[in-house]
Amino acid sequence: MAEPERPRTDKSPWNWLLLIPIVVPLLTVLYNHDEPRLAGFPMFYWLQFAFILLGVGTTTLVYQMTKRSKR
């Protein structure tokens, strides 16, 4: 017989960091430029890749910090 699951608690303050990759791409003033170009691509395109890396990095950080606190 399986053990009953404990209720989930997602009350870690680290979870607030997950707002960063949501809010930063919404700030159009960051990428509303044509220059500088990187390998011929305007700023808008390569900054989208930077936003992806920001999201992956933030998610990884939050995961690692909340995983450690549950020990």
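Buried residues account for 14% of the 71 residues in this protein, which is shown here as a predicted model.

**Whole chain.** Begin with the entire protein displayed as a cartoon. The secondary structure consists of 2 helices and 0 strands. Among the contacts with a separation of 6 or more, 53% join residues 24 or more positions apart.

**The nonpolar patch.** Next, select W16, L19, I22, V23, L26, L27, V29 and L30. Together these residues make a nonpolar surface patch of about 820 Å².

**L30.** L30 sits in the loop that lies between α1 (20–23) and α2 (43–69). Is L30 buried, partly exposed or exposed? Its relative accessible area is 36%, so L30 is partly exposed, because that class covers values between the 20% limit for buried and the 50% limit for exposed.

**Q48 and P25.** Now move to helix α2 and select Q48, which is found there. Q48 has a relative accessibility of 28% and therefore also counts as partly exposed. How far apart are Q48 and P25 in sequence and in space? They are separated by 23 residues in sequence, while their C-alpha atoms lie 8.0 Å apart.

Key:
Residues are numbered from 1 along each chain as its sequence is written. This is a predicted model: local features need pLDDT of at least 70, side-chain atom pairs count only at pLDDT 80 or more; totals for chains, interfaces and linings use all residues. Side-chain values use heavy atoms; hydrogens and water are left out. Patches are made of residues with over 30% relative accessible area and no salt bridge: like charges are joined within 9 Å, nonpolar side chains (Val, Leu, Ile, Met, Phe, Trp, Tyr) within 5 Å. Accessible areas come from the Shrake-Rupley method with a 1.4 Å probe; for residues, only the protein chains shown count as cover. A salt bridge is a side-chain nitrogen of Lys or Arg within 4 Å of a carboxyl oxygen of Asp or Glu. Helices (H or I, at least four residues) and strands (E, at least two) are DSSP runs, numbered from the N terminus. Buried means under 20% relative accessible area, exposed over 50%, partly exposed in between (1.4 Å probe, protein chains only). Contact means heavy atoms within 4.5 Å.
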